[in-house]
Amino acid sequence: LGQSLAPRNESLAQRTRASCPPLAGYATATDPECTRHNSRTLDHIIASPAIRTVYLAAFWASPAYRKPGALALLDDTIGRLQVAGKKVVLIGPVPPQPFDVPRHLAHAAARNALGSAKGASLADYRRETDWMTSHYARWAQQGVTIIDPVKALGDGENSRILVQGKPAYFDSHHLTLAGAAEVLASHPRHD
């Protein structure tokens, strides 16, 4: 994202906490600081007129985020940002893989089978992320810009793990720079 904004003299500030989705009020026993982190971050964003666009991204395909109430927290977060005059861009779930992608690709290359390397089933991905993706149209009507990684990473019945000859992932669910660039290229107007 930062690279795509640089030609327009714009920059990106990242506020993340591992395994803590950007949802106001999200609580987890494994990280009691998550709720406070999100609250401080949201307060800072709302109070900062220089921040005009907010990108919301997380490992949305994680079973931990499908818990009851997550959708309401996401709706509330989006609403609070929009009331504060912020443009919201929601980066949808990246299709997770059941394996470490670089390792999988290395084994495929060793077998001379790189061309047939496939990612996870998109049917499974859709079942696991429907709690979120089924609301894309509603959010778009509310003015939220949706970046759907499947537009770039979908390939028939499976997800792509190679983009332009490079690994799309650096593990099972985090995109490489090549993977992220491919996703952004499939959404030319995302700000």
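Q: Which residues does S172 touch, not counting residues up to four places away in sequence?
A: In this predicted model, S172 touches P95, P96, Q97, F99 and D100, where contact means heavy atoms within 4.5 Å. This is a predicted model, in which local features need pLDDT of at least 70 and side-chain atom pairs count only at pLDDT 80 or more, while totals for chains, interfaces and linings use all residues. Residues are numbered from 1 along each chain as its sequence is written, and side-chain values use heavy atoms, with hydrogens and water left out.

Q: Why is S172 called partly exposed?
A: Buried means under 20% relative accessible area, exposed over 50%, and partly exposed in between, with a 1.4 Å probe and protein chains only. The relative accessible area of S172 is 23%, so S172 is partly exposed.

Q: What makes the pair formed by the side chains of S172 and H173 a polar contact?
A: A polar contact is a pair of N or O atoms within 3.5 Å; within protein, one must be able to donate a hydrogen and the other to accept it, and residues adjacent in sequence count only if both atoms are side-chain atoms. The side chain of S172 lies 3.0 Å from the side chain of H173, and this pair is a polar contact.

Q: Why does D31 count as buried?
A: The relative accessibility of D31 is 13%, and therefore D31 counts as buried. D31 is found in the loop between α1 and α2 (33-47), and touches R17, A18 and C20, not counting residues up to four places away in sequence.

Q: Why does S134 count as partly exposed?
A: S134 has a relative accessibility of 43%, so S134 counts as partly exposed. The place of S134 is in the loop between α5 (122-133) and α6, and the side chain of S134 reaches the backbone oxygen of D130 at 2.7 Å.

Key: Helix = DSSP H or I, 4+ residues; strand = E, 2+ residues; numbered from the N terminus.
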